[in-house]
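Thanks, everyone. Please have a look at this one on the screen, and then I'll walk you through it.

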Amino acid sequence: MTQSTLSTSTPVVFQAQNLHKRFGALHATNGVSIELHKGEIHGLIGPNGAGKSTLIHLLAGTLRPDQGQLFLATENITGLRAHQRVAQGLARSFQVTNVFNEYTVLENLLLAVQAATDSSFKFWKSRDSETQLLEQAQRLAQDCAIDASLWQSQAKHLPHGEQRKLEFALSLAADPVVMLLDEPMAGMGPDESLRLTELIESMRGKTSMLLVEHDMQAVFRLADRISVLVAGQIIASGTPDEIRHDESVKNAYLGDESTEAA
Ligand SMILES: Nc1ncnc2c1ncn2[C@@H]1O[C@H](COP(=O)(O)OP(=O)(O)OP(=O)(O)O)[C@@H](O)[C@H]1O
Ligand SMILES: [Mg+2]
């Protein structure tokens with residue numbers, strides 16, 4: 001697996017500034033600012049209950065922040081709803097059921113490609129369009145390493161790992177600028193997990209990804225940069241090496257054992 005050469009000089013494509021979210025007395029997101037550079041894989045780690053999923057919800061638009069701003073490139077998207085953010089290029093995968101279970105893998109992908117095409121090329125209605133859509137759907141299935149023998153299977157009959165790859169492929173159909181991934185490896189066996197790791201790795205440089213993951217080995221291998229969230233606050237951001245050796249991170253979260261394992 002190659003470590004990236006992306007540097008912080010690549011442009012920022014997504015930015016959250018000073019986000020706050022309270023659930024009653026609980027300050028779940030407490031002044032979070034985070035930046036995603038073009039094409040980077042940005043890991044977000046932190047203990048259970050730190051507020052990682054809440055942050056993903058705030059970024060995706062499935063929760064409204066009490067305070068703070070969000071920018072996709074230079075556009076202020078703070079007021080946009082989740083589906084409007086998707087249309088602007090912000091995709092969210094996993095812990096979201098965007099798979100139609102009764103439809104086959106290819107039918108699901110066709111629908112997703114069609115939806116993306118409709119919103120971006122309303123005028124595009126040539127007689128070859130169906131063939132082109134099908135080719136695009138097949139390419140996605142191939143890129144996401146979905147076993148070709150399963151392309152005609154109903155989504156509900158897919159093994160768990162293939163289901164996850166299909167979800168990933170569906171999120172990619174709209175060619176997103178930014179992809180938010182909340183624990184994509186959850187519930188996967190080691191083989192499936194490795195395949196998904198490779199798939200995420202293959203997207204490096206194309207789509208910027210914010211990756212929440214408890215599998216430290218996967219995060220430290222994949223991420224160009226890592227942010228550490230503890231009790232609703234980002235306590236450190238940096239390269240995997242910087243995070244591994246950061247005293248405050250070691251004390252608050254990682255401990256000696258897991259840093260060595262990573
Ligand atoms: N809708 C909600 N209403 C009230 N409290 C909530 C809500 N969603 C999350 N919380 C609380 O906010 C805190 C942060 O939760 P969150 O799910 O964001 O953590 P997390 O870092 O994703 O944890 P995990 O690693 O276990 O997935 C927790 O204390 C949780 O109980
Ligand atoms: Mg969570």
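Which elements make a right-handed β-α-β unit here? Strand 7, helix 6 (residues 190-202) and strand 8 do. Right-handed means that, with the strands pointing away from the viewer, the path from the first strand over the helix to the second runs clockwise. Helices (H or I, at least four residues) and strands (E, at least two) are DSSP runs, numbered from the N terminus.

Some ground rules. This is a predicted model: local features need pLDDT of at least 70, side-chain atom pairs count only at pLDDT 80 or more, and totals for chains, interfaces and linings use all residues. Residues are numbered from 1 along each chain as its sequence is written, while chains are lettered from A and ligands numbered from 1 in the order in which they are written.

Stay with strand 8. Strand 8 covers residues 208-212, and five of its five residues are buried. Buried means 20 or more other C-beta atoms within 10 Å of the residue's own, with C-beta atoms placed from the backbone. Both faces are covered: Ser208, Leu210 and Val212 lie on one side, Met209 and Leu211 on the other.

Now its neighbours. Strand 7 (residues 178-182) runs parallel to strand 8, joined by five bridges. Asp182 has Val212 as its bridge partner. Strand 3 (residues 41-45) also pairs with strand 8 in the parallel sense, over four bridges. There, His42 stands opposite Leu210. Pairing requires at least two bridges found by DSSP between two strands.

Four strands form it, in the order 2-1-4-5, with antiparallel pairing. Strand 2 and strand 5 (75-76) are the edges, each pairing on one side only. Strand 4 (residues 67-72) meets strand 5 over two bridges. Leu72 has Glu75 as its bridge partner in strand 5. Helix 1 packs on this sheet, touching strand 1 (12-23), strand 2 and strand 4. Touching means C-beta atoms, placed from the backbone, within 7 Å. The direction of helix 1 makes about 60° with that of strand 2. Axes are lines fitted to C-alpha atoms, for helices over the stretch in contact, and angles run from 0 to 180 degrees between N-to-C directions.

Last, the ligand. What surrounds ligand 1? Its shell includes Phe23, Leu26, Asn48, Lys52, Ser53 and Thr54. Shell residues have a C-beta atom, placed from the backbone, within 6 Å. Strand 2 (26-37) and helix 1 (52-60) each give two or more residues. Helix 1 gives the most, with three.

How values were computed:
Contact = placed C-beta atoms within 7 Å. Buried ≥ 20, exposed ≤ 12 C-beta atoms within 10 Å, placed from the backbone.
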